[in-house]
Every structure is written in structure tokens, then in C-alpha cells.
Amino acid sequence: MRALLTKLEQASALDRAGDRLQRSVQATLRPQRVRDLLHGVFIGHPLHPALVQVPVGSWISAAVLDLMPGQRRAATALVGLGTVSALPAAIAGLNDWAALSREQRRVGLVHAAANAVGLTLYAGSLAARLRGRHGTGRALAYLGLGAASAGAYLGGHLAYKQGAQVNQSISELHRIGEGWHPLADMANLPQRKLVTREVDDVSVILYRHGDEVTVMLERCPHQSGPLGEGEVTEIDGHACVVCPWHGSAFRLNGGEVMHGPSGNDQQILPTRVVDGVLEARLP
């Protein structure tokens, strides 16, 4: 299985279809607010895995009820709920997928295809049950659960092996030692400009606004882009840093994500000033 997944990551033959679908998704989901909603910006967490719980939970529950007598009506209701709720989950997933790297998109394309097969089978199962063909409905549902399970396995590979839509910067915290670390003389820090420094070889950005200084991890949570090379812009009245790679934006006075494709907030380090020297530590 590991060898098969490695071949899938390297399957450049998928790129033509993947690139075409990526352009289609980006052209369809054009408003920034729509993309941010689907990325989960409003909750500071990717939305797709949260939405997936409803169809997966419904379908697994229906599979259990299909093994029990007298539960046809309940199983049919759960199949219907899972089928309907899979649509917004799929849209959110496509929105996330379109912002991934090429190797991730290859696995994601097969992940989406497996889930599409599963959804089609469940739609057929629902239609059969509503027509009274419960035996056919059960058979199609179990086939659909198999396809959806294969898709879930690939989704796990995307997240845990390839790091898709997980916070790419949080691991930097584990490299920072305990205690306070000196970063810069306050007298030498410019106002409202990004300054890059290091804490135990971990890159951070400093942003001074008056007497307040934000210290933020420099690697973008989305795909490790260099926030230190980004631009500072105002969004909804807040100074934000915009990643130069994919455009994710984070508030400089709190780290909250303001625009995707990142669905995660950026980590801020606590600070203090001692004898005119700015210091930072682990949260």
C-alpha cells in the first residue's frame, strides 16, 4: 500500500485532469468571502473535515441498522441525510484541494474520485429504498461505504503523510527552548514594518505598532510560505501580513486568519521588554 501511494504521489499523468479541474474550481468559487467560508477561516480551522463527519456518521449508522430487523425506515433516513450532507462537504474539500501543491493534488484527485463513486452509489441506494427495493438499496450502500472508506484512507494520507491543510508552522514551537529569549532592542525596531529574527534557529517576524510588538512564527501555516517576505495590509481595520505564496492573511495583533487558503490561525509568542530589550517565550 505504501508503494502504491508513493506511485500515486508521483503520477504526473493525473496532472492534466487535475490542472483542468483546479482552474474550474478557482473560476467557479471566485468571491474571496466564499473561498474563506469554505476554508473555515471563520472558525480558524479547516471546514472540510468537520463537514465530513455528518455523511460518514450517517452512512456508518445506516450500515449498522441495515443488519437489524425492522429498521428500514431509519436506515433510509440516514442514507438520505448522508447523501445530502456529502455535497457541501465535497465543495469545501474541492476548495481546499485547489490550493494544494501538485503532489498533494494528485492524491486528492483520487480521494475525490473515490468519494464521488461512493456518493453515486449512495444516491442509487436511496433511490432503490424509496422504491421499496431495500435489498438492492442495502447492497449499493455497502458498496458505497467501501468506496467512501477508500476515499477516507486517501484523505488520511493527504493530512498525515503529505500535510494537506494541517498547520505547517506549529512544529516550529517544539524547537524553541523554555524561558525568555532576547530578540531586539526596542530602540532599533522600526514602526509598522516586518522584521525577521530567530529564536533558537526558528524564524519569527516582529511587527511594532507604537509600544506594542507582535512576535509571530514566520512560516505560513498553509504551505510554509515566508511571511517575512509578505506585505502588511489593513483588513477590516486590522494590520495583517499577507503570505507571498498563496495569499493567506493573518492579523498582526492576534494571529487570527483573515483570508485563506489557510484555515488555521498563526501562532503568536508572548513578549515582554526588559531594560529596553524585547524578549519572547513559548506560549
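How are α1 and α7 oriented to each other, roughly parallel or roughly perpendicular? Keep that in mind as you start.

This is a predicted model, where local features need pLDDT of at least 70, side-chain atom pairs count only at pLDDT 80 or more, and totals for chains, interfaces and linings use all residues. Residues are numbered from 1 along each chain as its sequence is written, and side-chain values use heavy atoms, leaving out hydrogens and water.

**Stop one: α1 and α7.** Select residues 2-9, helix α1. Helices here are DSSP runs (H or I, at least four residues), numbered from the N terminus. The axes of α1 and α7 lie 12 Å apart, at an angle of about 75°. α1 and α7 are therefore roughly perpendicular (65 to 115 degrees). Axes are lines fitted to C-alpha atoms over the stretch in contact, and angles run from 0 to 180 degrees between N-to-C directions. Now show L5, L8 and E9 of α1 with Y153, L154, H157 and K161 of α7; they make the contact (heavy atoms within 4.5 Å).

**Stop two: α2 and α6.** Select residues 15-28 for α2 and 102-130 for α6. Their axes are 10 Å apart, at about 95°. That makes α2 roughly perpendicular to α6. On the α6 side, R102, R105, R106 and L109 make the contact.

**Stop three: Y142.** Y142 counts as partly exposed because its relative accessibility is 34% (between the cut-offs for buried, under 20%, and exposed, over 50%, with a 1.4 Å probe and protein chains only).

Conventions:
Helix = DSSP H or I, 4+ residues; strand = E, 2+ residues; numbered from the N terminus. Parallel < 35°, antiparallel > 145°, perpendicular 65-115°, else oblique.
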